[in-house]
Amino acid sequence: MSINMHQQTINITLASDPKQICVARTAVETFSEREGFAKEQSEQIGLAVNEAVANVIKHGYHGQTDQPIKITMEMTTIEDRSCLKIVMRDHGRQVDPDCIKGRDLDEVRPGGLGVHLMRTVMDQVEYRCLAEGGMELTMLKFRDT
Amino acid sequence: MSSESPCEQTGPVRDVQKLDDATVVTLQGEIDMYRSPQLRQALVDVIGEKSAAVVVDASDVPHMDSSGVATLVEALQ
(Lines give C-alpha, C1' and ligand atoms only; values in the text may rest on other atoms or scores of the structure.)
Protein backbone atom coordinates (compact mmCIF):
# COMPACT_ATOMS: atom_id res chain seq x y z
CA MET A 1 0.00 0.00 0.00
CA SER A 2 1.14 3.56 -0.67
CA ILE A 3 -0.29 6.88 0.36
CA ASN A 4 0.82 10.04 -1.42
CA MET A 5 -0.18 13.60 -0.73
CA HIS A 6 -0.02 16.28 -3.38
CA GLN A 7 -1.23 19.64 -2.27
CA GLN A 8 -4.75 18.89 -1.10
CA THR A 9 -5.17 15.56 -2.88
CA ILE A 10 -4.50 12.23 -1.28
CA ASN A 11 -3.78 9.22 -3.45
CA ILE A 12 -3.95 5.73 -2.01
CA THR A 13 -2.89 2.62 -3.87
CA LEU A 14 -3.70 -0.64 -2.17
CA ALA A 15 -3.75 -4.28 -3.09
CA SER A 16 -7.10 -6.04 -3.33
CA ASP A 17 -6.47 -7.73 -0.01
CA PRO A 18 -9.22 -7.58 2.62
CA LYS A 19 -6.52 -6.96 5.23
CA GLN A 20 -5.98 -3.52 3.76
CA ILE A 21 -9.59 -2.36 3.78
CA CYS A 22 -9.30 -1.00 7.30
CA VAL A 23 -6.29 1.14 6.42
CA ALA A 24 -8.09 2.75 3.49
CA ARG A 25 -11.16 3.30 5.65
CA THR A 26 -9.13 4.91 8.42
CA ALA A 27 -7.34 7.18 5.95
CA VAL A 28 -10.65 8.32 4.49
CA GLU A 29 -12.15 8.91 7.93
CA THR A 30 -9.15 10.92 9.05
CA PHE A 31 -9.10 13.01 5.88
CA SER A 32 -12.84 13.68 6.08
CA GLU A 33 -12.71 14.77 9.70
CA ARG A 34 -9.72 16.98 8.99
CA GLU A 35 -11.66 18.63 6.18
CA GLY A 36 -14.50 19.58 8.48
CA PHE A 37 -16.91 16.67 8.40
CA ALA A 38 -18.30 15.64 11.78
CA LYS A 39 -16.86 12.52 13.33
CA GLU A 40 -19.98 10.44 12.70
CA GLN A 41 -20.19 11.64 9.10
CA SER A 42 -16.53 10.83 8.59
CA GLU A 43 -17.10 7.30 9.89
CA GLN A 44 -20.01 6.90 7.48
CA ILE A 45 -17.88 8.12 4.58
CA GLY A 46 -15.25 5.60 5.66
CA LEU A 47 -17.93 2.91 5.63
CA ALA A 48 -18.93 3.88 2.08
CA VAL A 49 -15.32 3.50 0.94
CA ASN A 50 -15.05 0.25 2.90
CA GLU A 51 -18.05 -1.12 1.00
CA ALA A 52 -16.74 0.10 -2.34
CA VAL A 53 -13.35 -1.52 -1.83
CA ALA A 54 -14.96 -4.76 -0.68
CA ASN A 55 -17.11 -4.80 -3.82
CA VAL A 56 -14.05 -4.37 -6.02
CA ILE A 57 -12.28 -7.22 -4.25
CA LYS A 58 -15.27 -9.53 -4.40
CA HIS A 59 -16.86 -8.69 -7.74
CA GLY A 60 -14.21 -6.87 -9.71
CA TYR A 61 -11.26 -9.06 -8.86
CA HIS A 62 -13.11 -12.23 -7.84
CA GLY A 63 -11.22 -12.45 -4.57
CA GLN A 64 -7.72 -12.03 -5.94
CA THR A 65 -5.60 -10.33 -3.31
CA ASP A 66 -2.81 -8.89 -5.45
CA GLN A 67 -4.61 -6.52 -7.81
CA PRO A 68 -4.45 -2.73 -7.60
CA ILE A 69 -7.12 -0.43 -6.27
CA LYS A 70 -6.46 3.28 -6.52
CA ILE A 71 -8.31 5.82 -4.41
CA THR A 72 -8.06 9.56 -4.82
CA MET A 73 -9.72 11.97 -2.45
CA GLU A 74 -9.84 15.73 -2.39
CA MET A 75 -12.03 18.60 -1.41
CA THR A 76 -13.50 20.43 -4.36
CA THR A 77 -16.23 22.92 -5.11
CA ILE A 78 -19.29 22.00 -7.14
CA GLU A 79 -21.89 24.67 -7.81
CA ASP A 80 -20.43 26.81 -5.00
CA ARG A 81 -20.71 23.95 -2.50
CA SER A 82 -17.72 22.45 -0.77
CA CYS A 83 -17.56 18.77 -1.50
CA LEU A 84 -15.44 15.70 -0.77
CA LYS A 85 -14.74 13.84 -3.98
CA ILE A 86 -13.56 10.25 -3.81
CA VAL A 87 -12.57 8.43 -6.98
CA MET A 88 -11.76 4.74 -6.99
CA ARG A 89 -10.29 2.91 -9.98
CA ASP A 90 -9.61 -0.75 -10.58
CA HIS A 91 -8.60 -3.07 -13.43
CA GLY A 92 -11.22 -5.66 -12.67
CA ARG A 93 -14.28 -7.06 -14.36
CA GLN A 94 -16.46 -4.48 -16.04
CA VAL A 95 -20.14 -4.25 -15.22
CA ASP A 96 -22.88 -2.18 -16.81
CA PRO A 97 -23.21 0.75 -14.38
CA ASP A 98 -26.97 0.64 -14.74
CA CYS A 99 -26.92 -2.83 -13.19
CA ILE A 100 -25.16 -1.68 -10.03
CA LYS A 101 -27.90 -0.87 -7.60
CA GLY A 102 -29.07 -1.77 -4.16
CA ARG A 103 -31.50 -4.62 -3.68
CA ASP A 104 -34.93 -4.73 -2.08
CA LEU A 105 -34.35 -4.59 1.67
CA ASP A 106 -37.69 -6.21 2.46
CA GLU A 107 -36.05 -9.48 1.60
CA VAL A 108 -34.04 -10.61 4.62
CA ARG A 109 -31.02 -12.43 3.35
CA PRO A 110 -27.27 -12.07 3.73
CA GLY A 111 -25.34 -9.88 1.33
CA GLY A 112 -26.16 -7.21 -1.21
CA LEU A 113 -26.13 -4.24 1.17
CA GLY A 114 -22.94 -2.55 0.07
CA VAL A 115 -24.33 -0.41 -2.75
CA HIS A 116 -27.33 0.53 -0.63
CA LEU A 117 -25.03 1.75 2.15
CA MET A 118 -22.89 3.70 -0.30
CA ARG A 119 -25.91 5.44 -1.82
CA THR A 120 -27.38 6.16 1.61
CA VAL A 121 -24.21 7.76 2.95
CA MET A 122 -22.91 9.62 -0.09
CA ASP A 123 -24.71 12.34 -2.00
CA GLN A 124 -23.68 10.96 -5.38
CA VAL A 125 -22.43 7.53 -6.43
CA GLU A 126 -21.54 6.99 -10.07
CA TYR A 127 -19.85 4.09 -11.82
CA ARG A 128 -18.38 4.06 -15.26
CA CYS A 129 -16.46 1.57 -17.34
CA LEU A 130 -12.95 2.66 -18.21
CA ALA A 131 -11.80 2.45 -21.83
CA GLU A 132 -8.58 0.78 -20.71
CA GLY A 133 -10.51 -1.81 -18.70
CA GLY A 134 -11.80 -1.85 -15.16
CA MET A 135 -14.22 0.44 -13.41
CA GLU A 136 -14.18 3.93 -11.99
CA LEU A 137 -16.35 4.90 -9.07
CA THR A 138 -16.92 8.53 -8.14
CA MET A 139 -18.55 9.41 -4.83
CA LEU A 140 -19.40 12.89 -3.64
CA LYS A 141 -20.26 14.13 -0.18
CA PHE A 142 -21.21 17.75 0.26
CA ARG A 143 -20.01 19.27 3.48
CA ASP A 144 -23.22 21.11 4.15
CA THR A 145 -25.44 18.00 4.12
CA MET B 1 5.47 -11.26 7.73
CA SER B 2 2.35 -11.02 9.84
CA SER B 3 -0.77 -12.53 8.35
CA GLU B 4 -2.93 -10.27 10.46
CA SER B 5 -4.64 -7.10 9.32
CA PRO B 6 -2.67 -3.96 10.15
CA CYS B 7 -5.69 -2.70 12.07
CA GLU B 8 -6.72 -5.61 14.23
CA GLN B 9 -4.44 -8.14 15.82
CA THR B 10 -7.06 -10.19 17.66
CA GLY B 11 -10.02 -12.26 16.55
CA PRO B 12 -13.53 -10.80 16.46
CA VAL B 13 -14.84 -13.08 19.21
CA ARG B 14 -13.74 -12.14 22.70
CA ASP B 15 -15.72 -14.68 24.62
CA VAL B 16 -18.33 -17.42 24.29
CA GLN B 17 -20.31 -17.91 27.47
CA LYS B 18 -22.74 -20.77 27.86
CA LEU B 19 -25.65 -20.02 30.16
CA ASP B 20 -28.60 -22.17 31.10
CA ASP B 21 -30.87 -20.89 28.38
CA ALA B 22 -28.53 -19.19 25.93
CA THR B 23 -25.04 -18.91 24.60
CA VAL B 24 -23.64 -15.38 24.64
CA VAL B 25 -21.07 -14.54 21.99
CA THR B 26 -19.21 -11.34 22.85
CA LEU B 27 -17.56 -9.59 19.93
CA GLN B 28 -14.68 -7.16 19.90
CA GLY B 29 -13.03 -4.80 17.44
CA GLU B 30 -13.98 -3.97 13.91
CA ILE B 31 -15.83 -6.46 11.76
CA ASP B 32 -15.12 -6.18 8.04
CA MET B 33 -14.50 -8.38 5.04
CA TYR B 34 -11.22 -9.56 6.52
CA ARG B 35 -12.55 -10.54 9.95
CA SER B 36 -16.13 -11.54 9.18
CA PRO B 37 -15.11 -15.07 8.09
CA GLN B 38 -13.71 -15.62 11.57
CA LEU B 39 -16.98 -14.44 13.04
CA ARG B 40 -18.87 -16.75 10.71
CA GLN B 41 -16.87 -19.76 11.82
CA ALA B 42 -17.38 -18.91 15.47
CA LEU B 43 -21.14 -18.61 14.98
CA VAL B 44 -21.24 -21.85 12.99
CA ASP B 45 -19.54 -23.59 15.91
CA VAL B 46 -21.94 -22.11 18.45
CA ILE B 47 -25.04 -22.85 16.39
CA GLY B 48 -23.79 -26.38 15.89
CA GLU B 49 -23.98 -26.93 19.62
CA LYS B 50 -27.76 -26.47 19.46
CA SER B 51 -28.08 -23.93 22.24
CA ALA B 52 -31.63 -22.79 23.03
CA ALA B 53 -30.70 -19.27 22.02
CA VAL B 54 -27.65 -17.43 20.77
CA VAL B 55 -27.07 -13.87 21.89
CA VAL B 56 -24.51 -11.75 20.09
CA ASP B 57 -23.11 -8.86 22.14
CA ALA B 58 -21.71 -6.27 19.73
CA SER B 59 -21.49 -3.44 22.24
CA ASP B 60 -17.72 -3.35 21.86
CA VAL B 61 -17.73 -3.31 18.05
CA PRO B 62 -16.99 0.23 16.84
CA HIS B 63 -17.41 -0.64 13.17
CA MET B 64 -19.20 -3.34 11.24
CA ASP B 65 -19.60 -3.35 7.48
CA SER B 66 -22.14 -5.19 5.38
CA SER B 67 -20.10 -8.40 5.45
CA GLY B 68 -20.48 -8.48 9.21
CA VAL B 69 -24.19 -7.81 8.97
CA ALA B 70 -24.48 -10.53 6.32
CA THR B 71 -22.74 -12.95 8.66
CA LEU B 72 -25.23 -12.20 11.42
CA VAL B 73 -28.18 -12.55 9.03
CA GLU B 74 -26.81 -15.86 7.81
CA ALA B 75 -26.50 -17.06 11.39
CA LEU B 76 -30.07 -15.94 12.04
CA GLN B 77 -31.32 -17.99 9.16
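Reader: How many salt bridges does the rule find across the interface of chain B and chain A?
Author: The model is predicted: local features need pLDDT of at least 70, side-chain atom pairs count only at pLDDT 80 or more, totals for chains, interfaces and linings use all residues, and side-chain values use heavy atoms, without hydrogens and water. Residues are numbered from 1 along each chain as its sequence is written, while chains are lettered from A and ligands numbered from 1 in the order written. A salt bridge needs a side-chain nitrogen of Lys or Arg within 4 Å of a carboxyl oxygen of Asp or Glu. Between chain B and chain A, the number found is two.

Reader: Which residue of chain A forms a salt bridge with Asp32(B)?
Author: Side chains of opposite charge can pair when their charged atoms come close. For Asp32(B), the closest N and O atoms are 3.7 Å apart, and the partner is Arg25(A).

Reader: How much area do chain B and chain A bury between them?
Author: Buried area is the accessible area (1.4 Å probe) that two parts lose on being put together, summed over both. Carbon and sulfur atoms hold 66% of it here. On the side of chain B, Met33(B), His63(B) and Ser66(B) lose the most, together 34% of what that side buries. The area for the two chains is about 1,400 Å².

Reader: How many residues does the contact take from chain B?
Author: Contact means heavy atoms within 4.5 Å. Chain A gives 19 residues, and the number from chain B is 19.

Reader: At what angle do the axes of α1(A) and α2(A) cross?
Author: Axes are lines fitted to C-alpha atoms over the stretch in contact, with angles from 0 to 180 degrees between N-to-C directions. Helix α1 covers residues 21–34 and helix α2 residues 39–60. The axes come within 8 Å and cross at roughly 150°.

Reader: Is the crossing of α2(A) and α3(A) left-handed or right-handed?
Author: A crossing is left-handed if the near helix is turned anticlockwise from the far one by less than a right angle, and right-handed if clockwise. Helix α3 covers residues 114–121, and its axis lies 9 Å from that of α2(A), at about 145°. Here the crossing is left-handed.

Conventions. Helix = DSSP H or I, 4+ residues; strand = E, 2+ residues; numbered from the N terminus.
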